[in-house]
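Here is a short note to read beside the structure. Keep the 3D view open and find each residue as it comes up.

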Amino acid sequence: MRTSTQSSQQQTTAFGKVAVLMGGLSAEREISLQSGKAVLEALLRKGVDAVAIDVDENILNRLITNKPDCVFNILHGRGGEDGRIQAALELLDIPYTGSGVLSSALSMHKYLTKQVWQASGMPTPPCQLLKADSDFDAIAAELGLPLIVKPVQEGSSIGMSKVEQASQLEAAYQEAVKYDSEIIAEKWVQGSEYTVAILQDRALPVIRLETPNQFYDYDAKYIANTTGYHCPCGLVGENEQALQKLALDAFQCVGTRGWGRVDVMIDEQGNSWLIEVNTVPGMTDHSLVPMAAKADGIDFDDLVWQILQTIEEKK
Ligand SMILES: Nc1ncnc2c1ncn2[C@@H]1O[C@H](COP(=O)(O)OP(=O)(O)O)[C@@H](O)[C@H]1O
Ligand SMILES: [Mg+2]
């Protein structure tokens, strides 16, 4: 008779050698290294044969040489969250956690993601692409103020700023364009901010974010100790369920799968607005997905294990 220890050992060895891809070359490298360390330690505690790979420009050679049986991808931002590493892994026939090539690339691109949502009748704040020669006053007049200006393919709130007056829009564009060639101005949502973690096609308990800063910027995310994380989020049950459903629909609408996180805002009139999808969100022990999982009774190690298992579902 098989004991439960034996069967759980068989489960953990079923994945063979798991490479945890972390670090990378994006602006979010440091966060990814922290996420990767936490994921690696959890996999090892679970008995998985896991190794870390700090990703650099040599990654293809290293994957070919190391030949992992599968990959736990915890690279944040460009290169790792935008379909590129996913495409390389597809070519090398190495199964990996998280979303595929197309949906990773799409979700990394805030402007195209919003266009797909709009075409599907999902609520997302109006926005416009900004160019160096844009008529900034006309765009401010058309969208209305305030606005938030964002690099289209960046994360961690890098290069973003709030614009209160039309005269500030060009400077905000100049700041954002340091980080990306494509920039959007998006209508500002005055209200509350929420984030919804998705795990194995299920929305976890909603978290409400609160910051004394203008918005949930880099400082509020990683440095300040004044950011409030509320889970339970304070919405009445049916409103929380509606937000979970909206987030899950928005996630599936862009083809993302396995796990991720959807950022949503609710304005002062109670309307929900989809902001973005993260296909490889932070996984440090104080990140948002682990926080939502914990509220659902899933500890960090089990969360990491469940994300790894999503590889099986893809096969
Ligand atoms: N339309 C908006 N109105 C008000 N605040 C916003 C809006 N869009 C984004 N923000 C703020 O900026 C933060 C970062 O924006 P987001 O689009 O989620 O980019 P990132 O990929 O950097 O997380 C959000 O968490 C929120 O605090
Ligand atoms: Mg975000």
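1. **The model and its parts.** This is a predicted model. The protein is divided into domain 1 (4–98), domain 2 (107–122 + 190–314) and domain 3 (127–187). Note that domain 2 is written as two stretches, 107–122 and 190–314.

2. **Domain 1 against domain 2.** Their centres, taken over C-alpha atoms, are 22 Å apart. In this interface, 31 residues of domain 1 are in contact with 25 residues of domain 2. The two domains bury about 2300 Å² between them. Carbon and sulfur atoms account for 69% of that area. On the domain 1 side, Phe15, Lys46 and Glu81 lose the most area to domain 2. Together they make up 26% of what that side buries.

3. **Polar links across this interface.** Two salt bridges cross between domain 1 and domain 2. Six residue pairs are in polar contact there. Which elements give two or more residues to the domain 1 side? They are helix 1 (4–13), helix 2 (29–45) and strand 3 (70–73). Helix 2 gives the largest share, eight residues. By type, the domain 1 side has 15 nonpolar, ten polar and six charged residues.

4. **Arginine 45 and aspartate 301.** The whole structure holds 17 salt bridges. In one of them, the side chains of arginine 45 and aspartate 301 meet at 2.8 Å, N to O. Arginine 45 sits in helix 2 and aspartate 301 in helix 12 (residues 300–314), 256 residues apart. Aspartate 301 has 17%, so it counts as buried.

5. **Arginine 78 and glutamate 154.** This salt bridge has its closest N and O atoms 2.6 Å apart. It links distant parts of the chain, 76 residues apart. Arginine 78 lies in the loop between strand 3 and helix 4 (84–91). Glutamate 154 lies in the loop between strand 5 (147–151) and strand 6 (161–163). Arginine 78 is partly exposed because its relative accessibility is 26%. Glutamate 154, at 8%, counts as buried. Arg78, Glu154 and Asp180 are linked in a network of salt bridges.

6. **Glutamate 175 and lysine 178.** Their salt bridge brings N and O atoms to 2.7 Å. Glutamate 175 is partly exposed at 29% relative accessibility. Lysine 178 is exposed at 60%.

7. **Serine 287.** Look in the loop between strand 13 (272–278) and helix 11 (288–295). Serine 287 counts as buried because its relative accessibility is 11%. Its side chain makes a polar contact of 2.7 Å with the side chain of threonine 284.

How values were computed: Residues numbered from 1 in each chain as written. Chains lettered and ligands numbered in written order. Predicted model: local features only at pLDDT ≥ 70, side-chain atom pairs only at ≥ 80, totals over all residues. Heavy atoms only, no water. Domains from an automatic or database assignment. Contact = heavy atoms within 4.5 Å. Buried area = accessible area lost by both parts, 1.4 Å probe. Salt bridge = Lys/Arg side-chain N within 4 Å of Asp/Glu carboxyl O. Polar contact = N/O pair within 3.5 Å; in protein donor to acceptor, adjacent residues only side chain to side chain. Helix = DSSP H or I, 4+ residues; strand = E, 2+ residues; numbered from the N terminus. Nonpolar A, V, L, I, M, F, W, Y, C, P; charged D, E, K, R; others polar. Buried < 20%, exposed > 50% of the residue type's maximum accessible area, 1.4 Å probe, protein only.
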